[in-house]
Amino acid sequence: MSETTYKRIQDLPTEHLMGTGTPMCAGCGGLAAIKEIYDIIGEKTVFINAAGCMTLLANYPFTPFRGSWLYTAMASAPAGAQGVRDALDILLAKRRLSADEDLEAVVLTGDGSAYGMGLSATSGAMDRNLDFLYVCYDNEGYGNTGQQASGATPLGARTATSRGLNGYPGHKKDLFAVWAAHRPAYVATVSPSEPLDLARKLETARNLVGPRLILALAPCPTGWGFDPKDTVKVGRLAVRSGVWPLKEYRDGVVTHSVVPGHRLPVEEYLRCQERFAHLFRPQRNEELLREIQSGVDGYWEGIA
Ligand SMILES: Cc1ncc(C[n+]2csc(CCOP(=O)(O)OP(=O)(O)O)c2C)c(N)n1
Ligand code: SF4
Ligand SMILES: [Mg+2]
């Protein structure tokens, strides 16, 4: 994507990017992740989907989901999952549903809900040990409304609400750690660019009972500013530079499923995205580049 096209998208008034008339973007990494996940968990599911880009998948009366789908407000998807799980359990207890007909409650939200607006409902669901799978596609911003900053936005990224010279001044929240602190059944990070790793973690998650999170990196050509053909490349760079660690939590233990032997410089990941262009042009922002790199180095030194 050219710089001009990216600027044009960033400068669009919000209403141009909202609403059910908005098509999914070409090269959407979130959609790639959902497709890989759906291929594994299949149609014996009820998706409880909070407002966000993926809501646009279901455009009444059309939907690519072969199972059930329920739309909720941004803060409420785990509460919706509780209602769905309870209803299924009541039907099972009354023998109006056989064990074969049971369905999996799957919350599907973006980072805006998962890291922010829906976090309280998520925490409550974990406290109640709700049996549900949470799938979060993390495009590091409120993508559907024009990529405003969210709790998942990384340091230095330019967003619709962080347009200054240094981009977003905050740090990406560690949602993996927030979940793990609740001692749920399972937490894993995945990337659609690493499908085998993703498939193994999904198989693990679907065979467990209790709260389970699959946190998928979702390279977003529109919000991050890269050519849609480069989605897989951007996803791989995130893993190989160490920016997006692939890991899982189970029984109180965190393990990394991929440890990049020779980590690529983070710059290689940042350079291919217009949201970080101001770190390189008109001149290099050495201080911020160093801070971003040392944050990643510190993470990996901490787990060595
Ligand atoms: C309480 C509330 N505030 C704002 C909105 C408008 N809104 C709809 S989708 C969206 C962005 C959601 O971001 P995220 O969860 O990251 O999903 P993405 O759009 O990135 O797929 C927003 C702000 C809303 N639906 N509800
Ligand atoms: S804005 Fe990003 S996450 Fe949303 S549909 Fe487009 S590419 Fe996908
Ligand atoms: Mg988002």
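Some housekeeping. In this predicted model, local features need pLDDT of at least 70 and side-chain atom pairs count only at pLDDT 80 or more, while totals for chains, interfaces and linings use all residues. Residues are numbered from 1 along each chain as its sequence is written, chains are lettered from A and ligands numbered from 1 in the order in which they are written, and side-chain values use heavy atoms, with hydrogens and water left out.

Start with ligand 1. There are 16 residues around it, and Cys53, Gly112, Tyr137, Gly143 and Asn144 come nearest. Near here means a heavy atom within 4 Å. Helix 4, residues 111-117, gives the most to this shell, with four residues. Helices are DSSP runs of H or I, at least four residues, and strands are runs of E, at least two, numbered from the N terminus. By class, the shell has six nonpolar, nine polar and one charged. Nonpolar is Ala, Val, Leu, Ile, Met, Phe, Trp, Tyr, Cys and Pro; charged is Asp, Glu, Lys and Arg; the others, Gly among them, are polar.

Now distances. An oxygen atom of ligand 1 is 2.7 Å from an N or O atom in the Tyr137 side chain. For a polar backbone atom of Cys53, the distance to a ligand 1 oxygen is 2.8 Å. Alone, ligand 1 exposes 580 Å², and the protein buries 74% of that. Those areas are Shrake-Rupley, 1.4 Å probe.

Next, ligand 2. Around it sit Cys25, Cys28, Cys53, Asn139, Cys220, Pro221 and Thr222. That is five nonpolar, two polar and no charged residues.

Which residues coordinate the magnesium ion, ligand 3? Asp111 through OD, Asn139 through OD1 and Gly141 through O, at 2.0 to 2.2 Å. Donors are N, O and S atoms within 2.8 Å of the metal, or 3.2 Å for Na, K and Ca; water is not among the atoms, so sites may look incomplete. The spacing in sequence is D-x27-N-x1-G. Asn139 is buried at 5% relative accessible area, and Gly141 is buried at 4%. Buried means under 20%, exposed over 50%, partly exposed in between, for protein chains only.

Last, strand 7, residues 246-250. Four of its five residues are buried, so the strand is largely enclosed by the rest of the structure. Strand 7 pairs antiparallel with strand 8, residues 253-258, over five bridges; pairing takes at least two DSSP bridges. Lys247 stands opposite His256.

Terms used:
Buried < 20%, exposed > 50% of the residue type's maximum accessible area, 1.4 Å probe, protein only. Polar contact = N/O pair within 3.5 Å; in protein donor to acceptor, adjacent residues only side chain to side chain.
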